[in-house]
Amino acid sequence: MLKLMYITNRPEIAQIAESAGVDRIFVDMEFIGKDIRQGGMDTVQSHHTIEDIKNISNAINQAELLVRVNPIHDELDNYMSSKEEIDLAIENGAKVLMLPYFKTVDEVRTFISLVDGRAKTMPLLETPGAVEVIDEILNLDGLDEIFIGLNDLSLGYKKKFMFELLVDGTVEKLCFKFKQKGIPYGFGGIASLGKGMLPSEHIITEHYRLGSTCAILSRSFCNTNKINHIGLISSTFVNGVREIREYEERVSKYSNFFNENNIFIKNAIEEIKGNF
């Protein structure tokens with residue numbers, strides 16, 4: 001089954017997600033350059049802190065703590081260097097570190113070196129430049145997992161809709177390369193079943209068709225900025241994760257879902273593109 005990940009810096013939400021069966025709690029420290037490239041888009045820009053990592057680490061028992069750090073950078077006037085950021089993230093409980101928005105092999109090599117085996121490494125592939133050198137990146141020692149970031153990668157390829165990458169061969173070719181190297185991989189986000197511009201069950205089926213191992217639960221899965229009642233948040237997580245797991249069970253048994261699902265997605269994306 002997919003490892004489900006959820007972004008939050010609120011310990012009480014992390015505990016609810018963990019209890020509902022979410023596998024990884026995701027603390028998101030990335031902010032450098034993100035507001036510029038995603039300006040105007042309705043995307044999550046969290047800018048969590050080292051203190052958030054510590055608080056979430058203390059709050060959870062079973063789920064893995066994943067931290068997205070910033071792209072490789074030297075010390076800035078108002079922010080620490082990559083080395084210090086990575087060191088502090090690990091010291092405060094990070095078990096998996098995600099490197100966003102890299103474009104070169106050297107950036108990933110530096111990332112792996114800075115982590116130095118103290119946590120799992122998970123580069124976030126989200127630039128056309130990184131796609132061009134992905135074969136060299138996959139040959140690096142110390143690469144534990146890899147994740148395709150559909151938002152920024154679709155922007156880089158000037159797509160109207162991020163899930164176009166599922167039908168133009170981009171994600172499929174990358175997943176094939178990852179599988180050949182035996183590196184676990186995932187992509188994109190999923191909403192609750194029946195929700196999302198492209199219904200979540202069709203995205204889940206693509207994860208299974210492509211051999212993916214993980215996915216982010218999108219903000220729309222449970223938007224805690226809009227839902228304030230803890231009981232309602234809890235029931236949303238419990239019911240939502242249960243429905244996803246039940247659907248996964250069906251998909252894993254019926255391979256004939258794959259061709260039909262792929263055709264549905266292609267048709268749905270063409271329709272969605274027409275609305276932009």
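This is a predicted model: local features need pLDDT of at least 70, side-chain atom pairs count only at pLDDT 80 or more; totals for chains, interfaces and linings use all residues.
User: Which strands run in the closed barrel, and with what pairing?
Analyst: The closed barrel has 8 strands, in the order S1-S2-S3-S4-S5-S6-S7-S8, with parallel pairing. Strands (E, at least two residues) and helices (H or I, at least four) are DSSP runs, numbered from the N terminus. Two strands pair if DSSP finds at least two bridges between them.

User: By how many degrees are neighbouring strands of the barrel turned on average?
Analyst: In the barrel of S1 to S8, neighbouring strands are turned by 30 degrees against each other on average, direction ignored. Axes here are lines fitted to C-alpha atoms, for helices over the stretch in contact, and angles run from 0 to 180 degrees between N-to-C directions.

User: How many bridges between S2 and S3?
Analyst: S2 and S3 pair over 5 bridges, in the parallel sense. Val 27 stands opposite Val 67 in S3.

User: Switching topic. How many aromatic pairs?
Analyst: The count is 5 aromatic pairs. Rings of Phe, Tyr and Trp (its six-membered ring) pair if their centres lie within 6.5 Å; planes under 30 degrees apart count as stacked, over 60 as edge-to-face and the rest as tilted. Phe 31 and Tyr 79 form one of them, edge-to-face, at 5.0 Å centre to centre and 85 degrees between the planes.

User: Where do Phe 31 and Tyr 79 sit?
Analyst: Phe 31 is in the loop between S2 and helix H2 (34-37), and Tyr 79 is in the loop between strand S3 (64-68) and helix H4 (82-91). They are 48 residues apart, so the pair links distant parts of the chain.

User: Is Tyr 79 buried or exposed?
Analyst: Tyr 79 is buried, with a relative accessible area of 13%. Buried means under 20%, exposed over 50%, partly exposed in between (1.4 Å probe, protein chains only). Phe 31 is partly exposed at 24%.

User: Which residues do ring pairs link into a cluster?
Analyst: Tyr 6, Phe 221 and Phe 237. Phe 221 is buried at 2%, and Phe 237 is buried at 0%.

User: Last one: what does Gly 21 touch?
Analyst: Gly 21 touches Val 241 and Arg 245, not counting residues up to four places away in sequence. Contact means heavy atoms within 4.5 Å. Gly 21 lies in the loop between helix H1 (11-20) and strand S2 (24-28).

Note on methods:
Residues are numbered from 1 along each chain as its sequence is written. Side-chain values use heavy atoms; hydrogens and water are left out.
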